[in-house]
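Reader: I am new to this structure and would like to go through it slowly, one place at a time. Could we look at it together?

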Amino acid sequence: RDLTDISLLQCFIHLRYVDLSGNKLQDLSPLSNLTHLLWLKVDGNLLTSACLQELPYLQIISFAHNRIEDMEGITHPRLANLSLKGNKIQTALGLSHGRLFNLQMLELRGNMLESTAGLNLPKLKNLYLARNAIRSLEGLEVLGQLTTLHLRDNQLETLDGFSSSMKCLQYLNLRNNGISSLQEVAKLQVLPMLQALVLLDNPCSDEPNYRLEVLILLPHLQRLDKELFEQDERAEANKICRKRQEEEKVRTARRGEEK
């Protein structure tokens with residue numbers, strides 16, 4: 001509706017659901033009076049900040065497709081679901097970790113992040129970071145309850161940064177990055193619950209026997225690039241793995257004899 005002023009909303013203190021998408025808003029301060037607010041959607045406005053006075057019951061916010069440059073001032077203690085998709089955020093370091101005790105879903109697709117540093121959110125379960133400019137994975141070890149991580153369309157060349165403390169991670173999407181070697185994929189062995197992995201459009205996906213080699217490295221994996229592993233693939237991977245182990249034993253024995 002091309003709204004630029006929402007000061008009238010200050011009077012409606014019992015509002016619980018507010019959708020102000022598709023306007024020309026630059027200021028949300030009139031919402032500070034709405035202390036019963038549960039759900040807020042302000043997609044497609046002209047906001048440059050997500051800062052908003054703390055609202056005690058707010059559980060879901062969407063700030064998608066604005067002009068927000070940082071994550072400062074998001075302090076709502078019951079917030080469970082936050083979308084900042086399609087903004088201009090370059091760093092997550094301004095996130096108020098100490099206040100976001102209940103955040104479970106964070107959507108940051110289509111921003112300008114270069115690193116994952118600052119996402120210190122121990123209750124987080126779903127994290128969407130596709131279409132950024134991420135080159136390094138930092139601080140992921142605190143995400144002990146994360147089950148889903150999307151990193152599609154970034155600039156990762158190495159897979160350093162994953163940790164055995166990420167004991168709930170089941171789905172990892174790394175499509176269209178710069179991972180050139182399956183030796184990098186071996187670094188995912190620290191993830192005990194990983195079941196589904198997407199590596200399409202990385203240079204390593206063009207290597208010979210790519211599916212088998214990934215399965216040898218990650219034998220607990222159920223699905224690669226959206227396709228389930230068949231029983232015959234598992235049998236073949238086990239066979240190759242045993243053969244390589246035998247060959248390694250022989251080499252080790254020979255080296256011992258030479259000494």
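Reader: Which residues does isoleucine 179 touch, not counting residues up to four places away in sequence?

Author: This is a predicted model, in which local features need pLDDT of at least 70 and side-chain atom pairs count only at pLDDT 80 or more, while totals for chains, interfaces and linings use all residues. Residues are numbered from 1 along each chain as its sequence is written, and side-chain values use heavy atoms, with hydrogens and water left out. Taking contact to mean heavy atoms within 4.5 Å, isoleucine 179 touches Leu156, Glu157, Leu159, Leu174, Glu184, Leu199, Asn202, Pro203 and Cys204.

Reader: Is isoleucine 179 buried or exposed, and where is its place?

Author: Buried means under 20% relative accessible area, exposed over 50%, and partly exposed in between, with a 1.4 Å probe and protein chains only. Isoleucine 179 has a relative accessible area of 0%, so it is buried. Helices (H or I, at least four residues) and strands (E, at least two) are DSSP runs numbered from the N terminus, and the place of isoleucine 179 is in the loop between strand S8 (171–173) and helix H1 (182–185).

Reader: Where is threonine 116, and which residues is it in contact with, leaving aside its neighbours within four places in sequence?

Author: Threonine 116 is in the loop between strand S5 (105–107) and strand S6 (126–128). With a relative accessible area of 1%, threonine 116 is buried. Its contacts, once those sequence neighbours are left aside, are Leu129, Ile134, Ser136, Leu137, Glu138 and Leu140.

Reader: Which residues of H2 are buried, and what covers them?

Author: Helix H2, residues 210–217, is mostly covered, since seven of its eight residues are buried. These are Tyr210, Arg211, Leu212, Glu213, Val214, Leu215 and Ile216. What covers the buried residues of H2 includes H1, strand S9 (196–198), strand S10 (223–224), S11 and H3.

Reader: Which residues is arginine 244 in contact with, leaving aside its neighbours within four places in sequence?

Author: Arginine 244 lies in helix H3, residues 231–258. Its relative accessibility is 38%, and therefore arginine 244 counts as partly exposed. Leaving those neighbours aside, arginine 244 is in contact with Glu213 and Ile216.

Reader: How many Å apart in space are asparagine 238 and leucine 212, C-alpha to C-alpha?

Author: Asparagine 238 also has its place in helix H3, and with a relative accessible area of 41% it is partly exposed. Asparagine 238 and leucine 212 are 26 residues apart in sequence, and in space their C-alpha atoms are apart by 9.5 Å.
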